[in-house]
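Please walk me through this structure, one interface at a time.

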Amino acid sequence: MAGAVTTVASLSSEARPKHLTEARPVRYLLIAIALLFIGVVIVLPMITVLSEAFRKGWSAYMDAIRDPDALAALRLTLLTAAIAVPLNTIFGVAAAWGITKFKFRGKNLLITFIDLPFSVSPVISGLVYILLFGAQGFFGPWLIGHDVKIVFAIPGIVLATMFVTFPFVARELLPLMEAQGVQDEEAAVSLGAKGWRTFWKVTLPNIKWGLLYGIILCNARAMGEFGAVSVVSGHIRGETNTLPLHIEILYNEYQYTASFAVASLLMLLAIITLVIKGLIEGKLASSKRGH
Amino acid sequence: MASNRIRKSALPGFRFSIGFTILYLSLIVLIPLAGLVVKTAGLTFPQFWETVTSQRVLASYRVSLLTALFAALVNVVFGLVVAWVLVRYRFPGKKIIDGLVDIPFALPTAVAGIALTSIYAPNGWIGRLLDPLGIKVSYTPLGITVALIFIGVPFVVRTVQPVLQELEAEMEESAALLGAYRWRTFRKVLLPELVPPLITGFALAFARGIGEYGSVVFISGNMPLKTEITPLLIITKLEQYEYSQATAIALVLLIISFALLLLINTLQRWTNRRLRSA
């Protein structure tokens, strides 16, 4: 999914000779259609979030955000991301190293497996953990016997988030490291560098922008995931609610202004993510070209 | 090949990295998914079949598949226009439009869900305009489609954009030299090249739409047989402690998703080959 996103250097219409572009009215019409489509489908919902959030003014907005349940939801969202993102980052780097620096059988199958979570419905991503750790699940009786709670508690939320954000870092690193090849690392090793030193001094500087790109996309999804987390959360206010779940509860209780106020925080996160992504893309393109 | 192997093994860390990859992959993804299959295998086939073909479940497939199909088709048409305009024309605000295309990837689905519901509710910004015309969007299948159009925007645009970028101007040049009009050049020269990425983008948006939950639940109204999507029905069954029914329906949804994934991978390999040979 994220792998489909590509940087596109713009080719201006001025660069195209007249007979290879459309007549002016056709150009304007197509631009108008595109702007209208993006405006109605994407910009309008974003404006709605802001306008609903501030409908009752600044102090109502701040009250909604400073509400103890909202702060507890924010803490849980940050905690979840703080566990899921680093683990998936370590996995992504290890997988990309193993897959791109060596030749072995079953490589394509492994890549397909890594991509699996992208094509699984978020609801199923939560369901699988209930089947494993729920009261009726495979490990349910043992967990109850030892008084360990995984689903309808924080560990379940973290696991479901790890599942849905699983491929993000690996997906970004695989094509990048594949394109960079193994010459740099081999040179370092032949000069006597040890494995870890080679990784820190040679590989990491080469992949840092791609790695950062994967991490911020992984983080945005980890903080915003709704379906999977909704299935495994106990929906206990102040305890097992993440920010997206808190938005749902407020909305279903007809507290629209508060709901949109919390939503505006997550929208801000999305915008920041995309701005950073845009800044990184330029660097990423040059690090791919450099090899 | 043999010398290749020796050369590759000059680098350390193969066992460690692949071992860790397989362990982590198994724990987080493969074993949980296998659990789904094992759990379903606990049902006899008639039980399974009865569950996944009951009237309410069939109605939910119908709602999910039709709304996802329609939304993906809308995205094919408008996604092509957006990609075309972004690659070929220059206009103010182009960079911002290009960035906005990714919003559905980055914006949490619950946020999109409540925003769309309030826009298309009878007293909302667009709902208010459509209500006098007798068009209801929120709490109807049309509302589900609107949510899935939002979710699907980036898929078509981002698969068509790089292909459009790579297309050689010379091909169009020779078509023009041979006297073809612009529209004919588009149909005969460009469109055939754009069909594979359009189908890929369509399949990606369609697959995402079938499994989508967060943006849809708020706007759909969730009426059984009418606006109940399959992912929501799975949650409903879970909340009623009908675990085996929920699992059986989930398995059907999973099989549909994997079939689409297979199709998408095949198409992408095909597109990449064509791009490289071009």
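How many salt bridges does the rule find across the interface of chain A and chain B? The rule finds 1 salt bridge there, a salt bridge being a side-chain nitrogen of Lys or Arg within 4 Å of a carboxyl oxygen of Asp or Glu. Its partners are Lys277(A) and Asp102(B), with the closest N and O atoms 2.5 Å apart. On the chain A side that touches chain B, helix 1 (residues 24-53) of chain A gives the most, with 20 residues; helices are DSSP runs of H or I, at least four residues, numbered from the N terminus.

This is a predicted model, in which local features need pLDDT of at least 70 and side-chain atom pairs count only at pLDDT 80 or more, while totals for chains, interfaces and linings use all residues. Residues are numbered from 1 along each chain as its sequence is written, chains are lettered from A and ligands numbered from 1 in the order in which they are written, and side-chain values use heavy atoms, leaving out hydrogens and water.

Contact (heavy atoms within 4.5 Å) involves 95 residues from chain A and 95 residues from chain B. The two chains bury about 8,800 Å² between them, 78% of it on carbon and sulfur atoms. Buried area is the accessible area (1.4 Å probe) that two parts lose on being put together, summed over both.

Within chain B, the domain assignment gives domain 1 (13-42) and domain 2 (44-277); such bounds come from an automatic or database assignment. The C-alpha centres of these domains of chain B lie 29 Å apart.

Key. Helices (H or I, at least four residues) and strands (E, at least two) are DSSP runs, numbered from the N terminus.
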